[in-house]
Amino acid sequence: MKKKNFIMRGTRLHLGALMIGALLFASCADTYDGKETFSGGVTNTTLESPDESEIVISVSTDGTQQTITWPVVFGAGGYEVSLYDVNDPNAPVVIDGIENKVIDGCSLTSSRPEDTNFKLTVRTLGNEKLNNKEAVTSTEKSFSSFIASIAQIPEGDLYSYFQSNQIPDASDMLYYDLIPGGNYTLSDAVDFLSHKVTLRTTSKNNHAKITYTGNSACLQSGTSFGVKYVDFDCAASTTAPLQMSKTLDESIMGLVSGTQNYYDIVDPILIMGCNFENVNGKFMYDNGQKYGIGSLDIKDCVVHLTTNTASTIVFDFRGGGVVSLSVQNSTFYNTGDQDHSYFVQYGNNARATRMGYTENLISYQNSTFYNIAKAGQWGNYSGFNGQSCSYWVMTNCIFVDCSNNAVARRFVGGAINSSHPTFANNTYMFDGAFEENSSYDQSGTQITEDPKFANPANGDFTVNGAAQIQKRTGDPRWLPEID
């Protein structure tokens with residue numbers, strides 16, 4: 001029997017690359033089967049952990065899963081494996097419960113959260129039957145689900161950097177990395193024009209900071225763009241920190257909208273994981289141009305408005321409009337001495353069927369709003385109002401002192417009959433009382449209890465209201481943990 005196994009082993013070792021691949025990806029699910037078939041003749045040895053350079057990360061087609069494979073260590077009794085999210089290196093988070101997990105094989109499959117830095121450890125375990133001892137140390141491998149960048153920008157003035165470094169032509173999104181914890185300035189407007197650019201820090205827990213130093217400092221784009229995990233101080237600028245370009249790309253005219261002559265941006269605009277301080281006027285502005293923006297998503301952001309101009313608009317898209325606008329897990333608040341006329345305003349013409357789409361959506365989910373358009377209105381988009389193509393979602397949000405005691409009404413533009421509204425678990429508090437808005441929010445789920453923000457004047461919206469805590473409403477960052 002031993003001779004037979006020896007012959008089998010010898011045959012495998014001489015089959016070359018084909019059988020090596022089989023050992024790595026198929027047979028390596030077995031380490032020692034009691035027949036010495038996969039022992040490789042290794043006995044009485046202190047084993048080594050797998051070579052880091054030979055660990056392979058394979059990503060699923062949709063990017064949500066990853067399979068991690070390491071080379072077989074002959075004579076092993078298994079492997080002890082851990083996988084961590086190390087976006088905060090000082091507080092690693094275990095992925096899918098994979099910590100000191102014993103695996104009888106050479107691979108594992110896990111979830112693959114976007115924009116995550118991972119650390120994998122693999123340690124070879126011993127095999128008593130072969131008298132092999134476990135590896136003394138683990139092999140570590142660091143890798144990331146951040147999409148590869150085109151460059152890392154050194155600390156300094158971003159306006160000067162982009163003046164000196166031309167953005168290459170490309171059809172795909174180009175990612176520019178900022179140094180985690182780095183300090184940058186922006187002395188004037190940077191216009192990405194028709195280049196798809198995402199400016200980001202590759203750390204969710206150690207953002208780079210951009211301080212606007214010029215009165216006209218802002219980021220502009222004439223197409224899809226993104227900003228991720230960056231902190232902004234906009235105090236020195238009176239213009240909107242994020243804008244659409246005044247220089248129009250004629251190649252996108254009517255791309256979706258046909259005869260309506262919108263400058264159509266099909267790919268999404270994404271602002272994610274950012275903090276904006278001291279925004280003195282508008283937050284986003286289309287510069288009066290007729291853009292048809294397919295999708296604009298604001299996720300996990302805090303926007304502190306210190307508005308010093310009367311009747312300004314937070315999202316000012318009066319030249320055109322946004323087909324799908326979403327604000328999720330975010331906070332907007334105003335401590336300035338001036339009010340807003342609207343939170344959102346679009347051009348009168350803007351609605352899905354005129355912009356080349358079948359449906360339009362405005363969605364607010366799990367977000368907190370304080371002192372926004374207190375004497376104004378939440379939305380102004382007459383092209384959307386009462387249209388069967390219009391969909392509205394407002395769920396798990398907290399509004400305090402917003403929209404002149406009429407958030408729900410102004411959210412749907414005062415016309416609900418032909419639209420498709422979804423409301424759930426919202427708080428509408430104004431001057432200490434609660435809105436009478438059952439004609440618009442007909443869900444019967446309104447929370448009529450004070451959320452008891454800890455210190456809103458100083459930007460602390462920690463929730464102390466029992467009902468909001470129980471329903472987990474508002475921006476999740478302000479919710480206490482529940483035992």
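Two strands count as paired if DSSP finds at least two bridges between them. Strands here are DSSP runs of E with at least two residues, and helices are runs of H or I with at least four residues, both numbered from the N terminus.

The structure is a predicted model, in which local features need pLDDT of at least 70, side-chain atom pairs count only at pLDDT 80 or more, and totals for chains, interfaces and linings use all residues. Residues are numbered from 1 along each chain as its sequence is written, and side-chain values use heavy atoms, with hydrogens and water left out.

**A three-stranded sheet**

β1 pairs with strand β2 (residues 65–69) in the antiparallel sense, over four bridges. Within this part, I57 has I68 of β2 as its bridge partner. The open sheet has three strands, ordered β1-β2-β6, with antiparallel pairing. β1 (56–59) and β6 (107–111) each have a single partner strand, so one side of each lacks a neighbour in the sheet and both stand at the edges. On average, neighbouring strands of this sheet are turned by 20 degrees against each other, direction ignored; the axes are lines fitted to C-alpha atoms, for helices over the stretch in contact, and angles run from 0 to 180 degrees between N-to-C directions.

Most residues other than glycine have a negative phi.

| Residue | Phi | Place |

R472 counts as partly exposed because its relative accessibility is 30%; buried means under 20% relative accessible area, exposed over 50%, and partly exposed in between (1.4 Å probe, protein chains only).
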